[in-house]
Structure formats: structure tokens, C-alpha cells
Amino acid sequence: MATAQNPSTPTMRPGVQPLRAGQGTTFLWRKLHSLLGIVPIGAFLLEHLLSNFEALKGPAAYGAQVKFLNSLPLVRVLEWVFIFLPILYHGLYGVYIWLRGKSNIVYYPWAGNWMYTAQRYTGLIAILYIGQHVLRQRFMGISLPENPGAAFAKVQHELANPWMLAVYIIAMIAICWHFAYGIWLFAAKWGITPGTTARKRFGYICAAFGLALAIMGLASIWAFVGPTYRNAPDIAPLSYLAAPVHAGSHTV
Amino acid sequence: MASPRIIVVGGGLAGLAAVIKIAEAGGSVDLFSIVPVKRSHSVCAQGGINAAKDLKGEGDSTDKHFDDTIYGGDFLANQTPVKAMCEAAPGIIDLLDRMGVPFNRTPEGLLDFRRFGGTLYQRTAFAGATTGQQLLYALDEQVRRHEAEGKVKKYEGWEFLSAVLDSKGVARGITALDLRTMELRSFPADAIILATGGIGAIFGKSTNSVVCTGSAQSAIFQQGAWYANGEFIQVHPTAIPGEDKLRLMSESARGEGGRVWVPRKPGDSRPAKQIPEAERFYFLEEWYPKYGNLVPRDIATRAIHRVVYQEGLGIDGQPMVYLDLTHIDRATLDRKLGGILEIYEKFVGVDPHVEPMKIFPGMHYTMGGIWVDFNQMTNIPGIFAAGECEYQYHGANRLGANSLVSCIFGGFHAGPNALNYAKNLPAPEGDGGHAAELARQAEINTRLIKNEGGENPFKLWRELGQIMTEHVTVIRFNKGLQKADEKIVSLIERYKRINLSDKSQWANTSFAFARQLKNMLEISRVVTLGALQRDESRGAHYKPDFPDRNDEKFLKTTKASYSGDVVGPRFEFEEVDTQYIKPRPRRYDVAK
Amino acid sequence: MANKTVQLEIKRQATPDAPAVWEKFDLEWRPGMNVTSALMEIAANPVTADGHSTTPVTYDSNCLEEICGSCAMRINGKARMACSALVENIEQPIRIEPLSKFPLVRDLQVDRSVLFENLKAVKAWVPIDGTYDLGAGPRLFPQDQEVNYPLSNCISCTCCMEVCPQFNEETGFVGAATIAQVRLFNNHPTGKVLKEERLRALAGDGGVQECGYAQNCVEVCPKQLPLTNAISDVSREVLLQKAKDFLRG
């Protein structure tokens, strides 16, 4: 013990830095990410699943729904501003969030921690799925905005491949999970459900909602692969019944 | 001269209280603490803090608080400072309330009070059963605020080693050891306040925290400070025996209606719940009908000793008695005692809502301490002391919930006094003794680290704890005290052959401990020999061979000073200030 | 417990730069033994299970009754207080490691001062005018006391930060403990005066937005603080504050 500091004093790593009180912009980006997940992305998902549900009525009804959506004013602008860009941001920022967190369910295998981890994996599945889905169904093959009658057959051909079918089923479940838990998280983190009891009750509601969405989605998939509309025509004649009115915009 | 520089050593209630007062008055403070101040031992205080606010319509007054304190302390405390403390107490509670301490409340939104030992009034304000924690946090927050404003600099993880004294014996700073880098440094100051708590560690296991070694007190004692009333050690009646420490079970358990009992039949092996009321011996209630379970701690402790060792009525023949809360409803218990019941459940694994707790007395508080004058200054000019480390407020026995108020009052007093002293201090000659003191400390360190021998400091400490607990706690015999002192002397001898298994220069905890141990050994002699000198029984100091209080000979403050000699400290006696309340016999079986 | 010995495996690191090594110890079992008493036992007899002499283990501890917050460490992988870790309730061999998210000092000792810096950053105090006599404090109903008291029980052990997947060097997340203190002081009649400042502080980088709501904090907290409730409440208030600030310009 000298009077001076030990010359070979070890160096400690700096560790987590203190809060940068009031500094920086992550608050804005993070809240934007969170909000976009609900509107417009969540709202769009809801619309999409409802539209898909038309498939149970057959190729003609499904085509009519596609045609209706494509007839909305400024549909291409809506499509980019309210669907593609938000999903792109939500997805990429979501990956960034994931990379900055360190999952530790090995040591802390608690329910909330599992959900935290699951939200990240389901999000990743969603991005990958949505990427290929948009590419193959919106931008490749026959153009549906111009040929809405081809919608049913295009999906049916895609799902004829059992691998693709599996991808759709997994993605459907993952996305419904991600959305349902996302709503719960949104409510918890924006202080809408501030108490333990409120969060628990809302958890049941979200679980039921997610389950309903997933069942609806899977039922729609069944419409394409089931026996009822086997070998649908490439271009179905559209039924001109009044199409149901839904908020939002849509492209299959 | 620029604004005076004050060093405060210790970041418990007393230290933080002093820091706040100095910062508020414009002084700058360096605050030294072994642990981050928020982890100081004050967090362990449970039951509450006394102040005669008389919010229960009982006719309580500060005079009655003063009388209870003096009477409870068996008239050994100087009355002037105690009177001032009791008068300041209501204001202190108000201040703490303003700082945000979450005291329990009445339905009208006022402070709630409960009864504690040694009084018949509900005088104790409380925040659940973690009052010390809540008080410490409130002061910690205020200090953090002053720190953020640049008025306070914290040295957490530094251990005080010694005072720096100039050629005239005036304090000019301190030396301290960085417990991480093991750097030894001296720090200049115009005044120093020690607020370094109790000395529980010399008893091995106690209710005190690990840092309560008394090392700082002992260090300045060895530099010439007087140590007063060292023999007065409070053994708390209700502690949970444990492997590493004795965990306090607050007096508030009895304040809220807890009852102490043992089975009437020796060795009764039935579970507590199956023993009918008639076969339970509520010995405190029977022996002390007026105060019942809320007799002062020294009385309760001796009663438990008597029931266990003389009457052989300990539970299952073990040194334990029941502390029973099971007759009180769960909601009330959780609201008022939650914290301590959780401790019991966690560490014993039994739910005290359902089964009576098993408790036994444990060393708890140091009534004695560094001698200070009424301005909180020691006999070394420039060194002040406040809190448990000084001797002033509790006489021969401390009443429950008086310690928190004495810490804060002492700190509030010491801070401004130190600042005033420092403002009038002439500049030192030369370097004020810094180089010499630093060299002395460096030499001690070098010797210790290079020492070759076969002794392990932790083992020596255990032996010290055993002998102190056996002979210098509840019941004292001169023969035992002599034996204890001989043992301590032999431990001091063996200390010279300490061999540190860790000789590194980075976060070397055994090195720091070995330095504390030397100081513990020295202060243990003060306690033991002080007890040997005092042939009477007063408050916590009880000698069966001298069962009565002897005011003629011993209504005096014991003052020990360091001799540096193997014969041990020198003792002298000082008159006690009894100008307000004439000493009278102390008994708790009837109203006083 | 039947077996008479207690087996410990302790991760040792003499300095932050030194390599980590595991040392095994066999101790005699005693009733009521906890991890801190085991570490004390090693200090009195620093010899490993295979008979090598070693140094006493460096670790933080103070009160030994789970109120000072010092002795947090990872025991069998999980962050907890060593003093309340009763040996008979833990699977053996007991593996003891330092907290992983804080700069290591030595052995089981880490530097957790970031929490205290965070408390400074959010002004976690009641800004009283002075300590001179200003009369009684504000009235507070028992219901409010019962909200504040549990929050005020935080012992700064940092377990909530250690187990949080979001608390790390990339996010600089402030952690649940500090957020709970913001909730506490914003709920105090006088503490409220700094409410807006605290909320703005918590919108900074590393602020409340970094919470991923894994809820490990509330599971691990030895004092059962309502941490997730505090996070929800404070998040809402931060958001409203930011919205107000935005609209006011």
C-alpha cells in the first residue's frame, strides 16, 4: 500500500451508462414503432383477415372484395403510406429493438419473459413472411389490381405447394399472436391498463381476440385448399353483389 | 479564507443530517462512507422515532418524553442535551414528514403514533416496520440533491483510518483507504464529524450490520479522544438467532400488542398453538403489570434471561421464548409490521401470523461512545461526533425509538457547530501534520501486508465475539470481565502474528478487515474494563454481585483514554448533569 | 437436509482484467445457514474443496437481513440477495456468480453506482425549502401512504436491472427501480412540483420507452415493489407530458 495509487491499477469496464435525462430521440422512434403496430398496421391486418374471410364464399366473392378495395380513391398512395412504409419501419425498427435486448429465459423462465421473447420471434417470422408475400402476391405474377378476378386462383396455386401452405399457416399463427400480444403490450406500456388486475383481464381479452383472428385466418386458408373450390378458374367472373364496407385499404 | 471544508465520516442518519445542515449553510462537505450511504446501518432500524406530538389526546409532552428518557437511561445521561433533543423531536418529525417519509397515517391524514417500551404514551411515529430505512432514504435523497448541486462530494467505498492532527493536536483532516484500489490518501479539512455508528462487531454476532465495527471510534480513541460509558451495551430482548447475525425483531411487535410468553411447564413439547392460555406464562405481564410487555429493553432482556436460565422455562429447553402476534388480525399486522414479519418468515421459514415467533436477546446498541461536549465536539479540537458513535443521549439504557431521533438531532447539531468552529480556525502551521500521518498509516499498512505468522484475522474475530458475548453482555461478573480482558490482551498479542492470505492490492477485503480488527480489540478493552470498574447495576449494566444502583459512587460518566500500555485504558469519572430531574429509584412494576 | 456438507462453486476473478476461474468449496452444514454465512465461513478458512489455499471471497454485504440491498449476486444463475438465500432451500452445488450487467470489481463485487446516478438524473427527492422549522408536513390520507410506502421500500439492490433483458450497454435503459422512484415522488404532495422535469428526463435516451415489458423485474424484486404498475403509470404520464410539450411548442 503505497501513498500513491498502485501503478498497475486494473481497469474496469464502463458498464451501462446513466439515463441521458431528456436527451436524444429514441422516445419518439420507439413510440412511433409501438403506435404503428396498432394503427395502421393492426387495423390493416384486421381488414385483410376480414377480406380473406370472403374466400369462404368462393372465388367470385373474393374477387369482388379485391376489386372493391382496389377501387378506393388514391389506393396506390394509401397502400404505400398506410401499409408498406409502416410495416417496413415497424419491422426494421423491431429488429433493431431485438438486437438491443438480451433475452434471458434460460435463467428466468417466467411467463412475461417468454412472451417478451416470443414477441421477437413472431415479429421476425412476420417480416420474412410479409416480405415474400408482398413480393409474390402483389408484385409478381398476374397483377391483381388490374385482374381482381384472378385473386383466388393466384392464392390457390401458391398454397398448392405444401411447403408454402406450411409457411402460411405458421405465419398466420405468428402474426395473430404478435398482434394480439402487441395490443396487450401497447395497453400496458401506454398506461391504458395500469394495474395488475386490469392487465390480467385485458390479457384474457387479447388472448381471445388473437385466437379468433387466428381461427378466421386459418379458415380462410382452408377455403383455398379445401375441397369446396378446388380448381378455381384462373380468372373468376366477379359477382356484383354489394361488397362489404371496411375501413382501410387493401391489396392482395 | 475560502468557505470551510468539512469532512463527515459515515453516511447513516447522523452523518447525512450533518451533511444537509452544512450544505444548507453554504459549507462544502466531503462525505466518507465504507458502503454507499443508502446502505448504511440506519436502514435496519424498524419500529419508529419518538416525538411527543401528543396527537392521541393523551396529554403527552416533551417534558414527559424527557423524563421517560432520563428515567429509562437510569439517570446516567447528561440532562441538558437530552432535554434539548426531546424538545426538538416534534420539529424533526415534521421535517421528516416534509421530506416525504411515508409515515403511517390516521384516517384524518395526520401522523399515526404507537406505543413503545419505557413509556405509557403513544409517542412513536412509524413507517410500517421499516422506519429507519424510510428515514435514511429521505435524508439520502436530500444529500443526493445537494450532491447534484455540487455542495457535497461523496467518497463511497473509502474507509476512515485516522485523523490528521497538527503540532498543537488540532484536527486538520483525515487519512482514508480506497477499498477498491487500496490507495491511501489524506484529505484536508477544517473540521471533522464522525458519525460512524455502533460497535456491534466486537460481539461477533449482533443485530448490527457488518460495517459496525467501531473502528473509526477506536482509531481516534487511540489518537487521544476520550471514550465515555463504553460499558453500556444494549442487548435487545427480541432478536432472531441466526448463523451469521442476530436479526432484530422490533419492539414495535410488542407495541402493537405482541405478547412474550413461555410454557409454564418446563420442557413442554407441545406446539405453541396447543398450549392453553392457562398454561402459558406471560412473565413480563405478571412481573411488570403496569408496563407489561413494554418495559424497557434492559428489563425485558434480563427477564428473558431469568426465565430461561434460572427458571429453566425456555422453549424445548432451548434459550428461546415466544413472541406472539397470532391474536392480532392479519390486515393490521401487515399494515403496521409487514417488514419485520417478512424478515422472520424469510429467515426462519415460519409464518408469524400463524405461529408465535421464537426469539432471544441479542446485542443491539452502543449507549456509550466517543465523549463529546454539549456542542458535539470531542476533546480533540476540530473533531465532532454524532449518532450512535457518541455517548450523550441514552445514559445507561436507550429507550426504543429514541435512537433515530438522537441520530438526527445530533447530526443537526454537529453540522452547524462544526461549520462555526471551522470558520474561526486559524490556518495550520506547515502541512498540518498530513505527511507525518500519511507516513504512519503507510507503515501500518506495509507491516500488515508483509506480516508473516499463522493467525487468521477472521478466526481471531470469532474468538473475540465469543468471549465478549459470554462475559460482557447481559449479566456481568468481575471474574468473567477479568477473564475476558485477559483473552483480549492475548488476542492483541496474537494479532501481531496475523498472516493475510490475500496480499493483493485490489479490493482486498481481508486487509481492510484486519485493520478494523486491531481497532475492535482496543475498543473491546474499553468496554470490558469499563464494566469491571463499575461495581453497581444501572440500566443495561447488571452485576448480580452489585445488584443495586449506587448513585453516590457511580452516578458518573466513565471516561476512558488510551494509554498505549498493556495495562489498558486509563479511566476517570465525570459528574453527570442532573440539574432538571432529581435521580429517583427506577422501577417498572408500578407507574413511576 | 440429510447431507452434512454444503458444496459451493464460486466464480472468482481477482481483478477486472484477470481471467475468471471457478473454485469449489465444501463446508460443514449448519442449520439456518445462508449464502452470506457460507462466504464468512470461507473467509475464516480459505481453502478450496481440493485443499488449495485461496483468498477470502470479495463481496458486498452489510445488514444481512435484506434491507440494505448490498449482497445481490447470481445464485444458481438467478439474481437474488445472498443473505436471504437459505442454503437448505437451494439446489447443490450452489453456483455463485457476480451480477452480470454491472462492471466487475472483484469476485462477487460489482459497481452498481449507475443506479444512484439515475436517481440523480430524475431528481428523486422532495425539494423542501429548508430544514428549518416550517411546521407540519402536508396531510396525506392512509390510502396515499399505502401507495407510496411500497414504492419507498426499494433497497437499490439492482436485481430488477440485472434480470431486465433491456438493461444493457446498448440501450442504456434506466431500469425499473428508478422509474418506480419517479412514480413515488410524483405522487408526493410536495414532490409533485418536479413532476414535469422528471417525466421529461425519463423521455431521454435510456428512458421508460426502452422497457420491453418482460416483467422479470417484478418477479425478481425481493421487496415486491409494484414495478410493472409503476412503469405503466409513468409511461402514460411521460407520453402525456411529451404530447403537452409538443402542443405547447
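User: What makes β7(B) and β8(B) a pair of strands, and how do they run?

Analyst: Two strands pair if DSSP finds at least two bridges between them; seven bridges join β7(B) to β8 (residues 171-178) of chain B, and therefore the two count as paired. They run antiparallel. One of the bridges links B:W158 to B:D178 in β8(B). The two strands form a hairpin with five residues between them, and B:G169 in the turn has a positive phi of about 80 degrees. This is a predicted model, in which local features need pLDDT of at least 70 and side-chain atom pairs count only at pLDDT 80 or more, while totals for chains, interfaces and linings use all residues. Residues are numbered from 1 along each chain as its sequence is written, and chains are lettered from A and ligands numbered from 1 in the order in which they are written.

User: What are strands and helices here?

Analyst: They are DSSP runs numbered from the N terminus: helices are H or I with at least four residues, strands are E with at least two.

User: Why is B:E147 called buried?

Analyst: A residue is buried if 20 or more other C-beta atoms, placed from the backbone, lie within 10 Å of its own, exposed if 12 or fewer, and partly exposed in between. B:E147 has 20 other C-beta atoms within 10 Å, so it is buried. B:E147 lies in helix α4 (residues 131-148) of chain B. In β7 (residues 158-165) of chain B, eight of the eight residues are buried.

User: Which residues does B:E147 contact, leaving aside neighbours within four places in sequence?

Analyst: They are B:V152 and B:K154, where contact requires C-beta atoms, placed from the backbone, to lie within 7 Å. The C-alpha atoms of B:E147 and B:A23, 124 residues apart along the chain, are separated by 9.1 Å.

User: How many residues does each chain bring to the contact between chains C and A?

Analyst: Chain C brings 48 residues and chain A 39 residues. Helix α8(C) gives the most to the side of chain C that touches chain A, with seven residues.

How values were computed
Two residues are in contact if their C-beta atoms, placed from the backbone, lie within 7 Å.
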